[in-house]
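I opened this notebook to keep track of what I looked up in one structure.

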Amino acid sequence: MSLLNDILRNAVAAKASDIHINVGLPPLFRIHTVVTHSDFPIVTPEGASRVAAQSTDARTGLLSSLPFSRSACSSGRTVLESLPCTAS
């Protein structure tokens, strides 16, 4: 299982609307408008790079099945945004 999948699974279980990955802090979850620390360890530069790489890997099972859009900000951050659900 990948680190990103573990973070996503925990965020879903916590009913988080947002996940913030910042070097020097543990992943942060926004739950009912309040940003809280997760139980994951502090993110290192290497860990942040690993999560970013996993977010672009089509073989990552959970992420490839979810409606996310990936974009890069001018600050160099990678942003995963939820896409609106469409009826089948």
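The entries below go from the whole chain to single residues.

**Entry 1: the chain as a whole**

I noted at the start that this is a predicted model. I looked up the secondary structure and found three helices and five strands in the protein chain. Read from the N terminus, the elements come in the order α-β-β-β-α-α-β-β. The protein chain has 88 residues, and 23% of them count as buried. I also checked how far apart in sequence the contacting residues lie. Among contacts between residues at least 6 apart in sequence, 22% join residues at least 24 apart.

**Entry 2: helices α1 and α2**

I wanted to know at what angle the axes of α1 and α2 cross. Helix α1 covers residues 3–13 and helix α2 covers residues 45–55. Their axes come within 8 Å and cross at roughly 85 degrees. Angles from 65 to 115 degrees count as roughly perpendicular, so α1 is roughly perpendicular to α2.

Next I listed the residues that make this contact. Helix α1 contributes L3, L4 and I7, and helix α2 contributes R50, V51, Q54 and S55. Sorted by class, the contact of α1 with α2 has four nonpolar residues, two polar ones and one charged one.

**Entry 3: R50 and Q54**

Are they buried or exposed? R50 has 46% relative accessibility and counts as partly exposed. Q54 has a relative accessible area of 14%, and buried means under 20%, so Q54 is buried.

I then checked both against S2. R50 and S2 are 48 residues apart in sequence, and their C-alpha atoms are 9.3 Å apart in space. Q54 and S2 are 52 residues apart along the chain, with 7.5 Å between their C-alpha atoms.

**Entry 4: the salt bridge**

How many salt bridges does the structure hold? I found one. The side chains of D18 and R30 form a salt bridge, with 3.3 Å from N to O. D18 lies in strand β1, residues 18–20, and R30 lies in strand β2, residues 28–31. The two residues are twelve apart, and the pair links distant parts of the chain.

I looked up the accessibility of both partners. D18 has a relative accessible area of 31% and is partly exposed. R30, at 25% relative accessibility, counts as partly exposed.

**Entry 5: S38**

My last entry is about a loop residue. S38 is found in the loop between β3, residues 34–37, and α2. Its relative accessibility is 10%, and the cut-off for buried is under 20%, so S38 counts as buried.

Which backbone atoms does the side chain of S38 reach? One is the backbone oxygen of P27, at 2.8 Å. Another is the backbone nitrogen of F40, at 3.3 Å. I also looked up what S38 touches, leaving out residues up to four places away in sequence. The residues are P26, P27 and F29.

Conventions:
Residues are numbered from 1 along each chain as its sequence is written. This is a predicted model: local features need pLDDT of at least 70, side-chain atom pairs count only at pLDDT 80 or more; totals for chains, interfaces and linings use all residues. Side-chain values use heavy atoms; hydrogens and water are left out. Axes are lines fitted to C-alpha atoms, for helices over the stretch in contact, and angles run from 0 to 180 degrees between N-to-C directions. Helices (H or I, at least four residues) and strands (E, at least two) are DSSP runs, numbered from the N terminus. Angles under 35 degrees count as roughly parallel, over 145 as roughly antiparallel, 65 to 115 as roughly perpendicular and the rest as oblique. Contact means heavy atoms within 4.5 Å. Ala, Val, Leu, Ile, Met, Phe, Trp, Tyr, Cys and Pro count as nonpolar, Asp, Glu, Lys and Arg as charged, and the others, Gly among them, as polar. A salt bridge is a side-chain nitrogen of Lys or Arg within 4 Å of a carboxyl oxygen of Asp or Glu. Buried means under 20% relative accessible area, exposed over 50%, partly exposed in between (1.4 Å probe, protein chains only). A polar contact is a pair of N or O atoms within 3.5 Å; within protein, one must be able to donate a hydrogen and the other to accept it, and residues adjacent in sequence count only if both atoms are side-chain atoms.
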